[in-house]
Amino acid sequence: MSAPAAPALTDYPDKIDGPVLKIAGVVVLGAIMSILDITVVNIALPTFQTVFAESPGKALAYSTVAWSVTAYTLALATVIPLTGWAADRFGTKRLYILAVVLFTSGSALCATAGSIEMLIGFRVLQGLGGGMLMPLGMTIMTRAAGPARMGRLMAILGVPMLLGPIFGPILGGWLIEVASWHWIFLINVPIGTVAVLYALWALPSDAPEPSESFDFVGMLLMSPGLALFLYGISSIPGEGTVMAKKVLVPLCIGLVMIVTFVFYSFRPKHPLLDLRLFRNRRLSTATITMFMFAAAFFGGLLLIPTYYQQVRGLDTLHAAFLMVPQGLGAMVTMPIAGALSDRIPVGRIVPFGLVLMTGGMFALTQVGTDTPYWGFMIPVLFVMGLGMGGTMMPLMTSALKTLQSHQVARGSTLLNISQQIASSIGVAVISVVFTNYLSASALAGPAIAALHNPALVNSVGGQVAVQKGLADAADAFGSTFLVAAVLLALTLIPAAFLPRKHEHSHFLDDQPETSAAIVH
């Protein structure tokens, strides 16, 4: 039974008005909570290596604590396929509130973790809620804005991507220094409470369309298949080889299930993931570009605060402050790119951002034990931030602009799952590369430990040996940044196929039939 029809067409004003800003505030608050959590945890990884160590003076392996990041992104990628169907079935408002509640509950539990295994498990619960926040937020904002304002609204949604890199590491470092690591999770509880109350007040009740049957076969193939595949990929750093049973078995089973899902998904009328949307050239090109960008950039991004702490000996707070230039760079270009993407094709915007990020990542290959902060690191990170601000939101805007309104939830689901899978793969690949480079030096690991605990200097072989080990560690970081830089450079290939001419927006084409689903 269809919902009561709204007016045949929604009259979208050209300017960003008060009602749409109220709705945007809800989405931005939820996204800030989710993205802030990712950057806060990144800065805490060296702390987790020490806090959850099995014995004093012996830190956990980086590949082990990196699971606290991987488990979160794995859970995100697993639940995102369900978001498009659930948004149609239950309505975006109710589902969004549920996602915030799940994320907040998971955060509170993370603060109680007594081992790295418990922390990883609770991060999965966080991810189940966090995985729905971004695709739902994109759907809500796209429906509220209309096609002509989508670029500017996506720039508003990019605010968390600015605040995350700027304030996340600083907040995480400060909380760890003045309180304890528990507070990097507890801070989400009051934010989540406010987000729920704000959503109840600000989001209008939308009319769900529960006529679509749920694709149980698709769910049984895609979600566990994706989880197994990413589990196998993420186990490579700990095992040291792709041929290990712990890696190969889940990876192969997951890959078979995903491939089976791809072939199956074209049979049902309403599949779990509507891969037919990739017939839209703009969506497919933007998704491929986003996938390659996310794998390279977010994988490399994870290493920067770790370099500051393990090679330069900085505490978490100082390392966090040195990440600020990247967020400032994005702050400069993101609103400009958002406004431009409403006026000119993104194929004329995104390549410039990718070139800046690629150049910055290549520059990071030169890091050493005494690389100047003001003369090198800060300018490089600022340039990378400029590139990030000119890339992410225009890509999402390009993909969603040509979808019909009833396809927005499914389209944003495809975009977000592609980004999260790419991020998981990128983190795993970069962790593998870094771990292998680091383990090639017998002195690197002990030297890093001695840098933070001078009592261990003699056990390493003296100060000269420590400096040699730190130089080897810096070389490992530089070599890993080179891999990320090459991957970013390859992203320019699909970016060359992004639209360079104006294309018709199909967003309003089906409004007489679907306007009941539009949030306004």
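Q: What do the buried residues of H16 pack against in this predicted model?
A: In this predicted model, the buried residues of H16 are in contact with helix H12 (281–301), helix H17 (373–389), helix H18 (392–401), H22 and helix H23 (492–495). The buried residues of H16 are Val350, Pro351, Gly353, Leu354, Met357, Thr358, Gly360 and Met361.

Q: How do you know that the end-to-end distance of helix H16 agrees with its number of residues?
A: Helix H16 (residues 350–363) has 14 residues, and at 1.5 Å a residue it should span 20 Å. Its end C-alpha atoms are 20 Å apart, so the two values agree.

Q: Why is Leu488 called buried?
A: Buried means under 20% relative accessible area. Leu488 has a relative accessible area of 0%, so Leu488 is buried.

Q: What does Leu488 touch, leaving out residues up to four places away in sequence?
A: Leu488 lies in helix H22 and touches Phe293, Ala296, Phe297, Met357, Thr358 and Met361. Leu488 and Thr358 are 130 residues apart in sequence, yet their C-alpha atoms are 5.6 Å apart in space.

Q: Which residues touch the most other members of the largest nonpolar core?
A: Tyr96, Phe297, Tyr308, Met361 and Leu364 do, in a core of 123 residues. Helix H22 (residues 463–490) gives the largest share of this core, 11 residues. Another core, of 27 residues, lies apart from it and includes Phe48, Ala71, Ala113 and Ile176.

Q: Which residues does Leu364 touch, not counting those up to four places away in sequence?
A: Leu364 touches Ile304, Met377, Val380, Met384, Gly478 and Phe481.

Q: Why is the pair of Phe48 and Trp181 said to tie together parts of the chain?
A: Phe48 lies in helix H1 (residues 18–51), while Trp181 lies in the loop between helix H7 (159–178) and helix H8 (183–186), so the pair ties together parts 133 residues apart in sequence.

Q: Are Phe48 and Trp181 buried or exposed?
A: With the limit for buried at under 20%, Phe48 at 0% relative accessibility counts as buried. Trp181, with a relative accessible area of 7%, is buried as well.

Q: What kind of pair do the rings of Phe434 and Phe477 form, and why?
A: Planes under 30 degrees apart count as stacked, over 60 as edge-to-face, and the rest as tilted. The planes of Phe434 and Phe477 are at 45° and the ring centres 4.4 Å apart, so the pair is tilted. Phe434 is in helix H19 (residues 408–439) and Phe477 in helix H22, 43 residues apart. Phe434 and Phe477 are both buried.

Q: How do you know that the charged end of Lys22 is within the distance limit for the ring of Trp201?
A: The limit is 6 Å from the ring centre. The charged end of Lys22 sits over the ring of Trp201, 5.0 Å from its centre, so the distance is within the limit.

Q: How many helices and strands are there in the chain?
A: The chain has 24 helices and 0 strands. Of its 520 residues, 60% are buried.

Terms used: Residues are numbered from 1 along each chain as its sequence is written. This is a predicted model: local features need pLDDT of at least 70, side-chain atom pairs count only at pLDDT 80 or more; totals for chains, interfaces and linings use all residues. Side-chain values use heavy atoms; hydrogens and water are left out. A nonpolar core is a set of buried Ala, Val, Leu, Ile, Met, Phe, Trp, Tyr and Cys residues joined through side-chain atoms within 4.5 Å. Buried means under 20% relative accessible area, exposed over 50%, partly exposed in between (1.4 Å probe, protein chains only). Helices (H or I, at least four residues) and strands (E, at least two) are DSSP runs, numbered from the N terminus. Contact means heavy atoms within 4.5 Å. The expected span of a helix is 1.5 Å times one less than its number of residues. Rings of Phe, Tyr and Trp (its six-membered ring) pair if their centres lie within 6.5 Å; planes under 30 degrees apart count as stacked, over 60 as edge-to-face and the rest as tilted. A charge sits over a ring if NZ of Lys or CZ of Arg is within 6 Å of the ring centre and within 35 degrees of the ring normal.
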